[in-house]
Structures are given as C-alpha cells and as structure tokens.
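Subject: Handover of a structure and the findings on it

Dear colleague,

Please find below the sequence and the structure that I am passing on to you. My notes on what was found follow directly after it.

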Amino acid sequence: MVRCGSVWFRKYGNFIDNLRLFTRGGSGGMGYPRLGGEGGKGGDVWVVAHKKMTLKQLKDKYPQKRFVAGEGANSRVNALKGSRGKDCEIPVPVGISVTDENGKIIGELNKEKDRILVAEGGIGGKLLTNFLPLKGQKRVIHLDLKLIADIGLVGFPNAGKSSLLSQVSHAKPAIADYAFTTLQPELGKIVYNDFRQISVADLPGLIEGAHMNKGMGHKFLKHIERTRQLLFVVDISGFQLSSQTQYRTAFETIILLTKELELYKEELQTKPALLAINKMDLPGAQDMFHVLMNQLQNPKDFLHLFKKNMIPERTVEFQHIIPISAITGEGIEELKNYIRKSLDEHANQENGAYHKKQLLNLQISNTISYNEPPPKNGVTSPIDVI
C-alpha cells in the first residue's frame, strides 16, 4: 500500500498529496576590502527525489516546513576566499511536480535522484558588490504528488478495481460493497515468472462531473496523467452511484468515463488503453457481454441515446477487451498477459520512433555537411596543406 505524502490543505485520511514549503538560499560571506578577499557563496536549496520517501514523512520530520541553506564563510586574512555555504536538500518521493506561488512549474522529479534547484544562495562579497554579500533567494514552493505507474485503473466506484488490484498483485486495498472504498491511491506490482514487474495504480473512483472537481475530481484525474497506460474497469451489469442518481449501462459507463477524461485533459485520451469487463460471474453476464461488444464495435449506432454534451469528441480505441471476474479469478491471467503485451508493444513503437528520428537527424546532418561551401582560407583537405 502506498501512503504517498502529506497534503498541506487537502486531506483524505492519511493521504496527503500537496505540500507548501518555504525555502531560502544561504547568504554570501563578507568580503575583505583591504586585501581584495571574496566571501563564500551561500548554499543552494535543492529538491531531491528518493524512492522510499513520502510527503507525510517529510511533513512529520520538518513540521515547520522551512528549509534554509548554510551561509557562505567570511573572507579572512588566513582564508581570503571564503568557503561555500552548505547546500540544503529536501527529500521528496518520486513523481513530484514543483511549482512556485504563481503556479508556474519549476520542474518535475520522475526518477530516483532527480534534483531541482529551488532557491539559489547569494554571492559572497567581492569588488563587484563593494565587498558586501548578497542574501539568498527566498521562494515559497508547492510540491504536488502525481503517482507514476505503468497502469492506472479507471472506473466508477464499485467497478471492482480494488478487488482486481488484489488479484493481480500483493496489494491489500480496502474492499467493500459501497462507493468510494478507495479514498487514497493504492499501488501494487504484477510480478511475472521471469521476474518482470509492472506497477498498477488503483485510484480513487471518479464520478460524473469529476472534471469539474466533483467527488474527488481533480485529485483522481491528476494521478491518471502520470500513468503510461489506462485500464478501464467496468461492471458488466452497469453502475448507479445512489438511488438519487441515474442508472448507467456498461456501455454508457465507458462513454461517460471517456467524456470525463476528455473534459479534464484531451491528451489523456491518447494514452494506450485496455478494457476489463468485470463481474462476469454474475447471472446473465455472458448475454450482457455480447450486447456490450456489439455496442463497442458499432458505437455510432448507439450515441443517439446520449445527450449531446455527454458524447466524447473521440471514443477510446481499446488495445484489448478482456472479460474477467475479480472475485473468481476468471480471465485474470489473460489480463496480466495482455497488460504486459500492450506495454511491450508501445515501448517497441516508442523505440522505433526514436531510432527513426535519430536516423533522420543523421541524414539531415550529412546532407548539410555535403552541401557546405569550402572554407575561405583555401584549406580543404590534408592534401591542400601539403
């Protein structure tokens, strides 16, 4: 189970995904005017990614949320060049986006040991500053956690995402027969026989209107941004949040999930996606599955059933559609194999595109070099020199 971080103002249980910090670079050291000595530069403040770190641990360890680097040493007779102040490092989990007070992105930390400079130390006193030191940079920053996983589970509450995660991995998410069982992201790993590992994130269930921040809204959707592929999990019998809300068939559920992603950020629809049709152990599930497959193969024939504002600009093209039961285990092994196959196929496509781009750049570079005019000094080859 992932207990990722600690939120400064938005809390759901123990889960905290946003933290506000004060940072200041160290002041420079005094110069030595009589002998032209320079003070040491103040230390810098860095944000550094660590795999086993959480924002909650960071907040618990530094409750004041203040990070100040060391001051540069003054110039002295026996040390005209003052030593540099000590840098300050802020340990954060992988998958952090760092922004300033105005919401401008300073940088992202996507892998272990990634680091971002957030507050620079002041320079030491020197001739240029009349031997007076400068203060370090002050900056308030926001750490925003967005999960990084290979697969992100997408579905309305009670679709069976938590049960599925417990089936495919060793994660132990909370499972119950009511909406919003998952109040915080859970991360599990699928471990294959050859020891290949694929991370899967079960994210808090979204509802209609999530793009407008209803329910867990943006809290859910922002985590989807940082997954390589999506796995839609849909209840074959459909979904109804409560007696006051409208019942949705499995097909309607897929359309509405697609629309929510589109309204939040269109780029989410370009992610490779798979579809797991869950609860195939229910009575009549096979008949409902045949109806659903017909609808998915001919979606335009059924879109007239929706209000115009509920129809997505483009429907998601699923790499694979797999009927499963997270309760009985039906289809789980097939699903795990398709997940791996989809990730490998996409990785090969990305590698192919990268190598193609490199080859094109090389061809352009060679073309330019062949068309370059001879140098004006007349030396075009070793023979000319002789």
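I begin with helix 2 (residues 161-168), where six of the eight residues are buried, so this helix is largely enclosed by the rest of the structure. The buried residues of helix 2 are Lys161, Ser162, Ser163, Leu164, Leu165 and Val168. Buried stands for under 20% relative accessible area, exposed for over 50%, and partly exposed for what falls in between, using a 1.4 Å probe and protein chains only. Helices (H or I, at least four residues) and strands (E, at least two) are DSSP runs, numbered from the N terminus.

Please note that the model is predicted: local features need pLDDT of at least 70, side-chain atom pairs count only at pLDDT 80 or more, and totals for chains, interfaces and linings use all residues. Residues are numbered from 1 along each chain as its sequence is written, and side-chain values use heavy atoms, with hydrogens and water left out.

Overall picture

The protein has seven helices and 16 strands. Of its 386 residues, 47% are buried. Among contacts (heavy atoms within 4.5 Å) with a separation of 6 or more, 70% join residues 24 or more positions apart.

The nonpolar cores

In soluble globular proteins, nonpolar side chains tend to be buried together. A nonpolar core here is a set of buried Ala, Val, Leu, Ile, Met, Phe, Trp, Tyr and Cys residues joined through side-chain atoms within 4.5 Å. The largest such core has 35 residues, and Ile224 and Phe232 touch the most other members. At least two residues of this core come from each of strand 11 (149-154), helix 3 (217-224), strand 14 (227-235), helix 4, strand 15 (273-278) and helix 5. Helix 4 contributes the most, with seven residues. Beyond its neighbours within four places in sequence, Ile224 is in contact with Val154, Leu203, Leu230, Leu261, Leu268 and Lys271. Another core, of 22 residues, lies apart from this one and includes Leu19, Leu21, Ile96 and Ala119.

Glu225 sits in the loop between helix 3 and strand 14. With 19% relative accessibility, Glu225 counts as buried. Setting aside neighbours within four places in sequence, Glu225 is in contact with Lys146, Tyr264, Lys265, Leu268 and Lys271.

Helix 4 and its surroundings

Helix 4 (residues 250-264) packs with helix 5 (residues 285-297) at an angle of about 40°, and their axes are 9 Å apart. Axes are lines fitted to C-alpha atoms, for helices over the stretch in contact, and angles run from 0 to 180 degrees between N-to-C directions. This makes helix 4 oblique to helix 5; angles under 35 degrees count as roughly parallel, over 145 as roughly antiparallel, 65 to 115 as roughly perpendicular and the rest as oblique. Ala250, Phe251 and Ile254 of helix 4 meet Leu292, Gln295 and Leu296 of helix 5 in this contact.

Thr253 also lies in helix 4. Its relative accessibility is 4%, so Thr253 counts as buried. A polar atom of the Thr253 side chain lies 2.8 Å from the backbone oxygen of Thr249.

Gln246 is located in the loop between strand 14 and helix 4. At 52% relative accessibility, Gln246 counts as exposed. Gln246 touches Phe239 and Gln240, residues up to four places away in sequence being left out.

Two phenylalanines with positive phi

Phe131 has a phi near 65°, a positive value in a residue other than glycine. Phe131 belongs to the loop between strand 9 (115-119) and strand 10 (138-145), and is buried, with a relative accessible area of 10%. Phe195 likewise has a positive phi, of about 75°, although it is not a glycine. Phe195 is in the loop between strand 12 (186-191) and strand 13 (197-202), and is exposed, with a relative accessible area of 70%.

Ser199

Ser199 lies in strand 13 and is buried, at a relative accessible area of 10%. Residues up to four places away in sequence aside, Ser199 touches Ala149, Asp150, Ile151, Gly188 and Lys189. Ser199 and Thr227 are 28 residues apart in sequence, and 9.4 Å apart in space from C-alpha to C-alpha.

With kind regards

How values were computed
A polar contact is a pair of N or O atoms within 3.5 Å; within protein, one must be able to donate a hydrogen and the other to accept it, and residues adjacent in sequence count only if both atoms are side-chain atoms.
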